[in-house]
Amino acid sequence: MTTLPVPALSLVVLVGVSGSGKSTFAARHFDRFETLSSDFCRGLVSNDENSQEATAAAFDVLHHIAGKRLDAGLLTVVDATNVQQAARKSLVDLARAHDVLPVAVVLDVPEQVCLERNTSRADRDLPAHVVRRQRDQLRRSLRGLKREGFRTVHVLGGTEEIDAAVIERQPLRSDRRDDHGPFDVVGDIHGCRSELETLLERLGYVLVRDGEGRPVDAEHPDGRRALFVGDLVDRGPDSPGVLRLVMGMVAAGHALAVPGNHENKLVRALDGRAVQVSHGLETTLAQLDAETEEFRAEVREFCDGLVAHLVLDGGALVVAHAGLKEAFHNRASGRVRSFALYGDTTGETDEFGLPVRLPWAEDYRGRAMVLYGHTPTPVPTWVNNTMCLDTGCVFGGHLTALRYPEKDVVQVPAERVWYEPTRPFPSASGQDATSDGALEVARRDPDVLDVTDVLGKRVVETSRHGRVTIAEENAVGALEVMSRFAVDPRWLVYLPPTMSPCATAPDGDLLEHPDQAFEAYRAEGVDQVVCEEKHMGSRAVVLVCRDAEVAAARFGMPAGTTGVVHTRTGRPFFDGPRTEQLLDVVRAAASAAGLWDQVGRDGNPADWLLLDCELMPWSVKAEDLLRHQYAAVGAAARSALPPAEATLEAAAARGLPVGELLDRTRSRHANARAFGDAYRRYVWATDGLDGVRLAPFQLLATDAGSFETRDHLWHLAVADALVRADESDVLTTTGRVVADLDDAASCAAAVGWWNQLTAGGGEGMVVKPLANYTRGPRGVVQPGIKVRGREYLRIIYGPDYTEPANLARLRSRNLGRKRSLALREYALGLEALTRFCADEPLWRVHEAVFGVLALETEPVDPRL
Amino acid sequence: MLLTMTTDAQAASDLGYLLHKHPDRVQSFEQSFGVAHVFYPEATDERCTVALLLEVDPVALVRGRGRGAPKDVAFSLAQYVNDRPYAASSMLAVALGKVFRTAIAGRCDARPDLPTRDWDLSIHVPAVPCRGGAEAAVRLFEPLGWDVDARPVPLDPELPAWGESRYVDLRLTGTLRVADALSHLYVLLPTLDATKHYWVGSDEVEKLVRAGAGWLSAHPARDEIARRYLANQHGLAASAVARLAEVDDARPELLDDAPDAELEDVVEEASAEFTSHLPEAVNTVPLARHRLDAVVAQLRASGARSVVDLGCGEGALISALLGDPAFERLLGVDVSHRALSTAARRLHLDTLPDRQRERIELTQSSVTYTDARVAGFDAAVLMEVIEHVDPPRLQALERSILGAAAPGVLVVTTPNAEHNVRYASMAAGTMRHHDHRFEWTREDFRAWAQTAADRHGYAVELLPVGTEDPEVGPPTQMAVFRRDAPAAVALDGGAR
C-alpha cells in the first residue's frame, strides 16, 4: 500500500494518458463533486463527451467551476490527461490564483494497457498513435513537474501501484484550528531579551534558566502558551538570548511562533545568500558570531521551519507577522507568505526609504481576530477586530502582549532606546500602563465605511431571530437616507423597530382596543404586561457620553460633541448646540441620580448611556408635515364646509329634499373640527429647549452591555430617577399600569386607564411584556403592541373614519406583514446593540443598524 | 367641495333650462370618486343660485375603486388624509364637465337664445387650492373678464404664527356667457391646484385645447396655464426614500427630490405640442450651463481619459462629456436610485450605439462610503454636491474621495454664498436649495479645500464660475485638486 499525502486544500491534477484509469482512480479516492472531468465538461457544452472541437469551451467551464470550488475552500481534482505542459501550467496558475497548493498525481501505465482499455470502450475511438503521442509527452514531463510549480508530485508506476495507492489528506501547516489556547500573543521583540523576560513574568510565566543563568524556557502554571508574532531578532541588544528563550519555549510546547521578515532575512544570511545587511541584521549577525556553530544551525533550522501564519481556535484567531487578509487565511501560496511577512505593500517607498504599506486592516471584514506586528504603533489599537502588537520596544516604546481570548493588553516599557528609528517613532504620550501592566486600549475603526458593507442583498445573522435578509432594493433606498440625512455612523449604534398596532377591534366604534393587545400576549404565554402611556411626540434615541473624552476615545468623535439625539430613521432632531444642550440635561440628571455608577462596567461608572425616549412636541420634528398635510386639510374643511351647510340649509328652507345630505355635511364639519383638535395637541411653540420635553422609558445599553432582559419596571425606575433628578424641567415621566393577563379585574383596570388617556385626546398606550425581551412558543414575542386612541386615529385614518360605514370598511386591515417586520427590526436593533457592546468593528454594527433602515423601506400600510 | 353660481335678474327657469337642471329638483350624479349633487338653494325670478356639491368618498378613493385612485401611490399616507373631500380641485372640474356638459358646449335646444346671451354671474368656490396664492387666481381669471375676490384662508386660526394656507376663498363676478364661465372653471381650477387627482395622459392636451377654445389662445398667461394644467406634482411616488420620509414624519418630496424623468418628459412633450407654434424664447445662458462648461474645460485641460461624476444627478455632465471621444470611460454615480433612472433615460442608454454605450456606466454609490468602483479614475467631479453633505460628514467624504478613490484630478463646484445678495428673490440668510446644508463664502471654501488638499497629498487651485461680481465674487466657485507624487498619497493611507 502506498500512502499519498495530499494537502487538505489543494488542486489535485491527475496526469495520465487516455485509458490510464484516471476516472476510476478519482472515483475511488475522491467524493462525487470533488472531481471535475474534462470529458464531462465536453459533454456539458457539446452533448458529446469526446468532442475535440469542444475542448476550449470545456476547459473554460472546468476552470470556472474549479475556481468557484477553490474560492469556497474545497479540495478539487482535475480529471484530464494533462500530459502537455501548457495544460498543466494553466492549472498551476489557477491554484496560485486561489492560493492553494497544486498537487500532481501521475498515473504511469504501460501503453499496451491503455490501448486495450480504449479499444474496449465502445464510445471512444482513439487512434493508437494518439495514445502513443500522449505517452511520449508524459514521459518527457515527468522530471520537470516540481519545477512547473507542483508542490507535491506523486508518480504511480503501473496498475498495481495505482491500485494499492491510498490518498491521505493532511491539514495545512497553518491550520491549527484544533488548538484553542489560551494564548499570550507577544509583539515584535527585536532582541529586547530583558523586556521579554519582564513581560513573560508579568504575564505569569516562570522562567527556566540554564547553568549560565540564561533563560531557556518559560512555563505558565495555568498552561497558557505564548504566541510570538515574529521579528524576534535584529536591532536590539540580545537577539541570540531572545532566540534561545523562544526556541526553548517552542520546543517545550510552551509557545508557538510565526516568522517575521527579519527571521526570513536572517535565514538567508545564515545560508550565505547575498542579502543587504542592514536594518539591524548586522547587529544580530555580530551577536551570533559569539555563539556556537551548533546554536547558529539550530537558529537557522528554527527560523526556517516557522509557518508564516497560523489559524487557531476553530478559526477565530489568526496570527501573522504583518497581518493577513481574510481571503488568505489557511491558504498557501507565495503571495500569502509574502503578505504574512511583509504586509500589503505597494512596492513604493516613502520619504524615509521605508516600504509603503496599504491599510489592509481598515478593509478587513473577516470574523477571525487577526493579531500581528511589523509596523510600530505607539498604542495598540483595535481596527476591525485586528490589532497590531508592535509597539516599538526596540525604539524605546513598549513590549506588548495581548491575552487571548480575554483581550487584555499587557505591556512593559522599553528599558531604553535601543535603536534609533529611521522614521521618528511617535510616543504614546499620557498612556501609562497601570501597575499590573493592563492598558486601556484605543479603538480606531475607520470613520469611513465601505458601500459593500451595506449594498446588495445581505443576510444579517442575529443571535435572537436567526438570519434576517435585507433585499437589495431595500438597501438602495436606505443608502440614500443614511448618506444624506443620518447622523455619523459612529454615533448610530441603534435604530428602534417599527411597532405593530393591536389586532382590529371586531365591533363597536373603535378600531383599536386594549383587549386585542392583551389577547395577543396571552396567546404567546405572557402573564404580565406593562401598559405605557404613548407620548404625543416622536421616538428619540439619546446617546450621551459621560464626557468629551469618552466621545473621542470610544466613538472617535471630534471635540465639542458628547452624544447624539436622533429620530427613528437616524436623522438628528436638532443642530449641534441644541443637541449638546439637551445632552447636558440628560447628563446632569444621570449624575444627580447616581445613574453612571449604577450601570457601569466592572464597578466603574458607565462611559455612555443609550436611552430610548419620546421627544415632545411632535411639531419639533414634524412641523412641516403638520402644516402642509394636517393643518392644510383642516383649513380646506373649515373654508368649504360652512358655506356648504348654509347652501344646503337654504335649499332645505325651500323645501328641497336635502335632509340627509345636510346631515352628512354637518357630520363632516364636526369631524373636521375634531380632526383639528387632534393634530393641534401635537403642536406647541419651542425656543431652544424651552417647551421641549423628553420622556426616557428604556435604558437600552451602556458600556456594560444591553439591558433588554431587565424588566420594564426597572427601566421605568431608571427613567423616574432621571426625571426626579432633573432640574431643567425637560425630562418627563411616562405613565404606566401593570396588568395581570389572567386577572380580569386587572385587565379591566388597564382598559379603564386607557379610556381615560384617550378620552382626553391622548395618543393611547403601548403594551409590552413586563419581563421585556421574551421568547414564546413561536420565538421572539413582539416587544410592544400599540393601542391608539380614537381621536388620535383621525389624523391617521382621516377625519371621517369614525363614520360607521367607513369604520366597517377600515376593519379589514392586514397586520401580518407589519408584525413580521416589527420582529425582524427588533432583532436587528438588539443585534446592533450586542455587537456594539461586544466591541465589534463599526461595520458589523452598521450592518445591523442599516438593516433596520432598509427594512423600513418595505411597503407596508403606513397607517398601521 | 362646493361651487355656487348665482345670477340676478334672470328668471330661475332660464338658468334651469340652460343648465338642463330643474330648479325644484335635487339631482345626484355618481362619479368615480363620489357623488355630485346639483340643487338650487335659491330660485326666484329675481335671483337664482345653482350649487354643485361634491361628496367625495375618501375611503373608496384610497381603495383604488375609482378612476381617481392614483396607480402607484398606494403606500403614501397622504392618500389617506388629504384635502380632496373639501377642496375645489380637479375632481370638481371633472364633475362640472360631466354634469353641465351640454351647457359647456353652449347648446340649449329648447331655448337656443340662452347660451349666446351674456349673464350677470357671481361664482363662489370657498376652498380653492391655489399654487402661487391669491395673486395667481387674479392673474388667471381677471384677463377673462372677471372681477376676482380671492381671500387667503388661514392655515389654522388657533395657530396664527403658521400664517396662510394654500387655499383661497374665491368669488368671481362678471358678465359672461354661461358656457364660457363654466369652461373657465373647468380649465383654471385644476390649473390653480398643484395636484391633479388623475395621471397626465396624452389626451390631456386635446382636452385643454377643446375646453379652452375661444379664450385660452388669447390669454396673456396662456403658457403658464398650459404648463400648470398639464403638469402634475410628481405624484408622491412610492419610492423607498419616500417611504422612509413618511416613517419619520417628513414630506416625501422634501427627502426624495430627484426629478421624475418620465413625468417631466410627458409634461415636456405635452407642453411642446401645445405651444409648438410659439416663437422661441430669447435664451440667456443659465448658470448651470456656465458651470457645466467650466467643469468640462477643466477635464479637457487635465487630459483625463476616465472620469467619474460623483453625484451625477440627471446625467448632464456625462451627457456633455459623451460627445468628446477623448473621454473613454465615464462613470456616473449618485446616491439616489431615482436620479440614476432619470440619467439612464436622459442619456438614452438603451438605444445608444454599442461604441458609445460601453463608455458609460451608471451605478449607485455614496460619497460618505468608500467604494472601490470609483477608484482609479483620471478625474473625478463633485459638481454641486458637497453643499448637500452635513458639515460633520465632510471629512468622511474627503477620506473616501481624496483618500480612497484618489483620482488624479478632482473638480469641485459649490455656490458662493457671498453672491446670494445679488439674487433679488432670495431672502437674507436663506440658501439656494432647501437641501443645502451650508453655502460657503470664498474664504470658507478656500480654507476647506486647502486643508483637504494638504491632508491627502493634493495641490489645489480655486477658480470662479459665471460672471464675477467685483464685490461679491462669482455665483459659483470651483476648486481643482491635483494629486502630488503618488508615494506621498500612499503614505497618507498607509503609514500606520
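What you are looking at is a predicted model, in which local features need pLDDT of at least 70, side-chain atom pairs count only at pLDDT 80 or more, and totals for chains, interfaces and linings use all residues. Residues are numbered from 1 along each chain as its sequence is written, while chains are lettered from A and ligands numbered from 1 in the order in which they are written.

Let's start with the outline of chain A. Its C-alpha atoms fill a box of roughly 115 × 80 × 55 Å along the principal axes. The radius of gyration is 36 Å, whereas a compact globule of 864 residues would have one near 29 Å. (That radius is taken over C-alpha atoms, and the globule rule is 2.2 Å times the number of residues to the power 0.38.) Chain A holds 27 helices and 38 strands; helices (H or I, at least four residues) and strands (E, at least two) are DSSP runs, numbered from the N terminus.

Chain A is divided into domain 1 (2-170), domain 2 (175-443), domain 3 (453-491 + 816-864), domain 4 (504-534 + 735-814), domain 5 (536-617 + 689-733) and domain 6 (619-680), with bounds that come from an automatic or database domain assignment. The centres of domain 3 and domain 6 of chain A, taken over C-alpha atoms, are separated by 42 Å.

How much of chain A is buried? Buried residues make up 51% of its 864 residues. A residue is buried if 20 or more other C-beta atoms lie within 10 Å of its own, exposed if 12 or fewer, and partly exposed in between, with C-beta atoms placed from the backbone.

Strand β10 (residues 206-209) of chain A pairs with β11(A) in the antiparallel sense over four bridges; strands count as paired if DSSP finds at least two bridges between them. A:R209 stands opposite A:P215. The two strands form a hairpin with five residues between them, and A:G213 in the turn has a positive phi of about 80 degrees.

Next, look for an open sheet of five strands in chain A, in the order β27-β38-β35-β28-β34, with mixed pairing. Its edge strands are β27 (500-501) and β34 (736-740), each of which pairs on one side only. β27(A) runs parallel to strand β38 (residues 785-788) of chain A, joined by two bridges, and A:P501 has A:K786 as its bridge partner.

Strand β35 (residues 764-769) of chain A contains A:G764. Why does A:G764 count as buried? Because A:G764 has 24 C-beta neighbours inside 10 Å. Beyond its neighbours within four places in sequence, the contacts of A:G764 include A:K534, A:W754 and A:K786; a contact means that the C-beta atoms, placed from the backbone, lie within 7 Å. A:H535 is 229 residues from A:G764 in sequence, yet the two are 7.9 Å apart, C-alpha to C-alpha.

Finally, step across to chain B. The contact between the chains takes 74 residues from chain A and 75 residues from chain B. Helix α20 (residues 619-653) gives the most to chain A's side, with 23 residues. Strands join in too: β24 (residues 449-450) of chain A and β11 (residues 369-370) of chain B pair in the parallel sense over two bridges, and A:L449 stands opposite B:Y369.

How values were computed: Two residues are in contact if their C-beta atoms, placed from the backbone, lie within 7 Å.
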